[in-house]
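Biologist: Please take a close look at one part of this model and show how its residues are placed. Then set that part against the rest of the chain.

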Amino acid sequence: MSSLRLKIWAVLISLSTVVPIFAQDRYALFIGTNYKGNTAKIPELNLCEADATFLKEKLQKKGNFKDMKVLLGTMVTRDNVKNAMKQLGKQAGKNDSVFIYFSGHGMYMKDAKAKNGMRNYLICYDRPHISDEELNEYLSEISSPKTVMVMDCCY
């Protein structure tokens, strides 16, 4: 088992054992794309969708989540991710727990407007992609301080 999977399992175990004592409800969003057939010439991957599905199934069995959403393959667009996170923000209260998982490509580019001169991106199935600034905006919709985001991507 890879070290990333071990780290993810550690987070999942803590979510399923410690968090219930303090949380009212639990919500999850699983995002994974292999980029198969995309028109933006994004290099294809093999296991991102399988990883997202695998983690969802494991958490579904043991996690007692109130709601779990999955975006796979062509569903991984900026608008779909934004809407899914907005929905999490509407559902999850400040005492609830939220688990978000992304598996796919990540990248960075120089950007003079960014705080450190670099802008990070989660790569969607096709353009446009999600910048770190946009991702922070989406996450700000979620009021729970018990939000964990696991990113299985570069940068």
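Modeller: The buried residues of helix α3 are C48, D51, A52, L55, K56 and L59; buried here means under 20% relative accessible area, exposed means over 50%, and partly exposed lies in between, with a 1.4 Å probe and protein chains only as cover. Seen down the axis of α3, these residues line one face of the helix, because they fall within an arc of 130 degrees, the arc being taken from the directions that run from the helix axis to the C-beta atoms. An α-helix has 3.6 residues a turn, so residues three or four places apart point the same way.

This is a predicted model, in which local features need pLDDT of at least 70 and side-chain atom pairs count only at pLDDT 80 or more, while totals for chains, interfaces and linings use all residues. Residues are numbered from 1 along each chain as its sequence is written, and side-chain values use heavy atoms, with hydrogens and water left out.

Helix α3 covers residues 48-62, and its 15 residues should span 21 Å at 1.5 Å a residue; the end C-alpha atoms are 22 Å apart, which agrees. The expected span is 1.5 Å times one less than the number of residues. Helices (H or I, at least four residues) and strands (E, at least two) are DSSP runs, numbered from the N terminus. Just after α3, N64 takes a positive phi of about 50 degrees.

Helix α4 can be read in the same way. Its 14 residues, 78-91, should span 20 Å, and the end C-alpha atoms are 20 Å apart, which agrees. V81, A84, M85, L88 and G89 are buried in α4. They cover an arc of only 145 degrees around the axis, which puts them on the same side of α4. On the other side of α4, D79 and K90 are exposed. The cover over the buried residues of α4 includes β1 (26-32), β2 (67-72), β3 (97-103), β6 (130-131), α5 (132-139) and β7 (146-152).

Four of these strands form an open sheet in the order β2-β1-β3-β7, with parallel pairing; two strands pair if DSSP finds at least two bridges between them. β2 and β7 are the edge strands, each pairing on one side only. From one strand to the next the twist averages 10 degrees. Seven bridges join β1 to β3, and Y27 has V98 in β3 as its bridge partner. α4 packs on this sheet, touching β1, β2, β3 and β7, and its direction makes about 175 degrees with that of β1. Axes are lines fitted to C-alpha atoms, for helices over the stretch in contact, and angles run from 0 to 180 degrees between N-to-C directions.

Other strands pair antiparallel. Five bridges join β4 (residues 106-110) to β5 (residues 118-122), and Y108 has N120 in β5 as its partner. Two bridges join β5 to β6, where Y121 stands opposite S131.

As for the rest of the chain, the protein has five helices and seven strands. Of its 155 residues, 39% count as buried. Among contacts with a separation of 6 or more, 68% come from residues 24 or more positions apart, a contact being heavy atoms within 4.5 Å.
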